[in-house]
Amino acid sequence: MNAAKRREIFERLQAANPHPTTELEYDTPFQLLIAVLLSAQATDKSVNIATRKFFPRHGTPRGMVDLGEAGLTDFIKTIGLFRTKAKNAIATSRIILEQYGGEVPQSREALEALPGVGRKTANVVLNTAFGMPTMAVDTHIFRVSNRTGLAPGKNVLEVELKLEKVVPAEFKQDAHHWLILHGRYICVARKPKCPQCGISDLCEFKSKTPA
């Protein structure tokens, strides 16, 4: 895919949704971090239902540590892998409280050193909470990038690095949100909604869904 086509894709995505953001609900960088940690292999909707129940009283590092692993487990039982996530969330909260004065660190290395926080989670927090132009590649972005020809790669890291290279600078801050939403609602896994797609004519996918 050439540079002009890539630019046109992002111009259209921007025109359709000028201010995209995560669908996870949060008030602080810490709450975003916990929400993203909980969202692995789960829907944003299921995470929001759970966090609404404990963020109001326990949505700080101190609040989470006081809540404890067993207490958090009761709130997130409806989310996949809840036992592991509860353990990691409480451990992460304790580290942030004790080592960072209750503030979420703003470096990838520090974030990835936290229990349960991988590269994608770190990228989401850096981008959404701290305004850094990172590319948080999930299954949706991986699929859209490969299917459209925008930034093909064999794994998520390849796609992330390719996107960082080819996305025009003025679109980098919002690019991963546009691509996630496009993959979640239009360029879906089983049967992409090509007739409803605003970038279908720019997409290089050979097996488009007919109208």
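Visitor: How much area do domain 1 and domain 2 bury between them?

Guide: Buried area is the accessible area (1.4 Å probe) that two parts lose on being put together, summed over both. Here domain 1 and domain 2 bury about 710 Å² between them, with 40% of it on carbon and sulfur atoms. Ala136, Glu160 and Gln173 supply 42% of the area that domain 1 buries against domain 2, more than any other three residues. This is a predicted model, in which local features need pLDDT of at least 70 and side-chain atom pairs count only at pLDDT 80 or more, while totals for chains, interfaces and linings use all residues. Residues are numbered from 1 along each chain as its sequence is written, and side-chain values use heavy atoms, with hydrogens and water left out.

Visitor: Which residues make up domain 1 and domain 2?

Guide: Domain bounds come from an automatic or database domain assignment. In this chain, domain 1 comprises 3-20 + 135-202, and domain 2 comprises 29-130. Their centres, taken over C-alpha atoms, are separated by 27 Å. Contact means heavy atoms within 4.5 Å; 12 residues of domain 1 are in contact with eight residues of domain 2.

Visitor: How many salt bridges does the rule find across the interface of domain 1 and domain 2?

Guide: A salt bridge is a side-chain nitrogen of Lys or Arg within 4 Å of a carboxyl oxygen of Asp or Glu. The rule finds two across this interface, and the structure holds 10 salt bridges. One of these 10 joins Lys5 to Glu204, whose closest N and O atoms are 3.4 Å apart. That pair links distant parts of the chain, with Lys5 in helix 1 and Glu204 in the segment after helix 10, 199 residues apart. Helices (H or I, at least four residues) and strands (E, at least two) are DSSP runs, numbered from the N terminus. Asp44 and Arg184 also form a salt bridge through their side chains (3.2 Å, N to O).

Visitor: How many aromatic pairs does a search of the whole structure find?

Guide: A pair of aromatic rings is described by the distance of the centres and the angle of the planes. Rings of Phe, Tyr and Trp (its six-membered ring) pair if their centres lie within 6.5 Å; planes under 30 degrees apart count as stacked, over 60 as edge-to-face and the rest as tilted. The search finds five aromatic pairs. The ring centres of Phe10 and Trp178 are 6.4 Å apart and their planes stand at 50 degrees, so this pair is tilted. Because Phe10 lies in helix 1 (residues 3-16) and Trp178 in helix 10, the pair ties together parts that are 168 residues apart in sequence.
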